[in-house]
Amino acid sequence: MNAADRELVALFAGLDTAGVSDAMDKLGLPGQCLGIMPLDNYRQVVVGPAFTVKYVAASSPAGSVGDFIDEVAAGDVVVIDNDGRSDCTVWGDIMTQYAGLRQIAGTVIDGVCRDVNKALGEGYPLFSRGRFMRTGKDRVQVEAVGGTVSIGCARVAARDIVVADANGVVVVPRERAAEVAALAQQIETVEAAIRQQLAQGSTLAAARAALGYHTLQRKA
């Protein structure tokens, strides 16, 4: 990541996908990746700029299925659009091992992965529509990298900010990242205050009313 990437990623420290999603709802921004879920309930939150990859059906002879990973920088999140296909994979154990060695932050796939024991055993963050053992070689190929893709109905441009955790994946448009992060921090501050009031004996209704809970996510 370059300095600008690091600055944007740092803005999301302490936030999770729920808070970021709420902020995006209030701002009227889409970005929640429907149906894309983690292999495991990762306790950490993965945040990084998107390295986008678009797959298409294989030509004859078939093209590459994974060499793009040599171009991915440490801290990036690999975002693969395989059009939601569940009949063949675009990520396996060799990719997981190499991604770990290169300190890639994680991988998001609109499609399926395989060799999941490797990712689970090494704690590599992997988010997809599921898992299946059949290779994508000779079935799909890389069409483009660094462009705009679609992940779970969400539009993802290269270098947008990806936030992913046990709840799923949210993609924040890069040009709105600072605004989204600031609002998500405000929402988390209010929710923390509600939790504190509950711990001190308040009713839920009273705490929510006092701190404006019901308007937190409402579009202005």
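The largest pocket of this predicted model is lined by 18 residues. Val65, Gly92, Ile94, Met95 and Lys137 lie nearest its centre. Helix H3, residues 93-101, gives the largest share of this lining, with 4 residues.

A second pocket can be set beside it. Leu29, Pro30, Gly31, Ala154, Arg155, Ala157, Asp160, Val171, Val172, Pro173 and Glu175 line the second largest pocket. Two elements each give two or more residues to that lining: strand E9 (154-156) and strand E11 (168-172).

| Pocket | Space | Nonpolar | Polar | Charged |
|---|---|---|---|---|
| Largest pocket | About 360 Å³ | 8 residues | 5 residues | 5 residues |

Which residues of H2 are buried? In this helix, residues 17-27, they are Thr17, Gly19, Val20, Ser21, Asp22, Ala23 and Met24. Asp22 is a charged residue, and Asp22 is among the buried ones.

Now the ends of H2. Asp16 caps the N-terminal end. A side-chain oxygen of Asp16 lies 3.3 Å from the backbone nitrogen of Ala18. After H2 comes Gly28. The phi of Gly28 is positive, near 75°.

Terms used. Residues numbered from 1 in each chain as written. Predicted model: local features only at pLDDT ≥ 70, side-chain atom pairs only at ≥ 80, totals over all residues. Heavy atoms only, no water. 1 Å grid on protein atoms, 1.4 Å probe; cavity = no way out; pocket = protein on both sides within 12 Å on 5 of 7 lines; lining within 4 Å. Points joined across faces, edges and corners; volume = space filled by probe spheres on them. Buried < 20%, exposed > 50% of the residue type's maximum accessible area, 1.4 Å probe, protein only. Polar contact = N/O pair within 3.5 Å; in protein donor to acceptor, adjacent residues only side chain to side chain.
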